[in-house]
Amino acid sequence: MTTENTFANAIDRWFYVFMAVFFIAITLTGFIPDSIAKLAAIEAGERPPFPFVLHTHSVLMGSFLLLLLAQTTLAATGRLNYHQRLGVAAVVLAPAIVVAGFILIPTMHHQMWDGLQAAPEEARAGIQALMRFFNNIMLIQIRVGIVFPLLILIALMVRKSDSGLHKRMMFLAIAPALPAAFDRITWLPHTLPDSPLSPDLYTLFAVAPLFIWDLLRTRSVHKAYWIWLAFMVPTSILIHSLWDTDWWHATAPRLVGL
């Protein structure tokens, strides 16, 4: 193996550590200021406390991102035995994230509905607009709840037979959830609430470093990205088609029992 190849392989191993740090940085940048502001609003009595399932979901998602960091670091340092042992945690975390997410969606809708019933007349228009926005966001949440576990399943199924697909798919699986952080970064441009375009673009931005590095490294598009696009493109078309339509605003409340 040439010195050039050895150097490229070393960068490749540590590049995945960088990607894990990058995803964590996006999450913290979005959620820390937003959470501080919302906690202050709760303290001032301007909004209800966070439901327990929201805390649970946050802890699970944070744990998954930390797992990515730990796993990439173990792989980069050659401690593959520990990497394989710790990988069992993904089998537990991934289903727990999905379950918590699908509990969180109706919980937040019911909380807003209860707030609407108790709100004074002058505040109801604002809450109703917020509920319509949450109806639309539910489309993105449903996509994450479906795409994430399917891609994780693919990643786990090939962990022994195709390590290249495995490591890429672990990142591509969690990327569709990152718009929840991007949407909270107020200094970024957004198309919300009018269009779901910016969440799609920021998802692409999140995976762009990995894709570009692969393209430079191999001069080809890895099959992981084609698999990912096979899930993302149809769901994006569906989300854009349903976004803010009267049919969806009539259907979404029924899906959460309202």
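Predicted model: local features only at pLDDT ≥ 70, side-chain atom pairs only at ≥ 80, totals over all residues.

User: What is the phi of Asp244 near?

Analyst: Phi of Asp244 is near 60°, which is a positive value in a residue other than glycine. Most residues other than glycine have a negative phi.

User: And is Asp244 buried, partly exposed or exposed?

Analyst: Its relative accessibility is 37%, so Asp244 counts as partly exposed.

User: Which loop holds Arg219?

Analyst: Arg219 belongs to the loop between H8 and H9. Its phi is near 60°, again a positive value in a residue other than glycine. With 66% relative accessibility, Arg219 counts as exposed, because the cut-off for that class is over 50%.

User: Where is the cis peptide bond?

Analyst: The cis bond joins Leu192 and Pro193, with omega at about 5°. Pro193 lies in the loop between H7 and H8. Most peptide bonds are trans.

User: Turning to packing, at what angle do H8 and H9 pack?

Analyst: The angle is about 170°, and the axes are 12 Å apart. H8 is therefore roughly antiparallel to H9, as the angle is over 145 degrees.

User: Which residues meet there, between H8 and H9?

Analyst: From H8, the contributors include Leu204, Val207 and Phe211, and from H9 they include Tyr225, Trp228 and Met232. By class, this contact of H8 with H9 has eight nonpolar, three polar and two charged residues.

User: How do the axes of H2 and H4 cross?

Analyst: The axes of helix H2 (residues 52-76) and helix H4 (residues 88-118) come within 9 Å and cross at roughly 150°. H2 and H4 are therefore roughly antiparallel to each other, and their crossing is left-handed.

User: What is the make-up of the contact of H2 with H4, by class?

Analyst: Phe64 and Leu67 are among the H2 residues that meet H4, whose side includes Ile97 and Leu104. The contact has 14 nonpolar, four polar and no charged residues.

User: Which residues touch the most other members of the largest nonpolar core?

Analyst: Phe23, Phe64, Phe148 and Ile174 do, within a core of 51 residues. H1 gives the largest share of this core, eight residues.

User: What is Ile174 in contact with, leaving aside its neighbours within four places in sequence?

Analyst: Ile174 contacts Phe23, Met61, Phe64, Leu65, Leu68 and Phe148. Another core, of 12 residues, lies apart from the largest one, and its members include Leu139, Ile140, Leu242 and Trp248.

Notes
Residues numbered from 1 in each chain as written. Heavy atoms only, no water. Axes fitted to C-alpha atoms, helices over the stretch in contact; angles between N-to-C directions. Helix = DSSP H or I, 4+ residues; strand = E, 2+ residues; numbered from the N terminus. Parallel < 35°, antiparallel > 145°, perpendicular 65-115°, else oblique. Left-handed = near helix turned anticlockwise from the far one by under 90°. Contact = heavy atoms within 4.5 Å. Nonpolar A, V, L, I, M, F, W, Y, C, P; charged D, E, K, R; others polar. Core = buried A, V, L, I, M, F, W, Y, C linked by side-chain atoms within 4.5 Å. Buried < 20%, exposed > 50% of the residue type's maximum accessible area, 1.4 Å probe, protein only.
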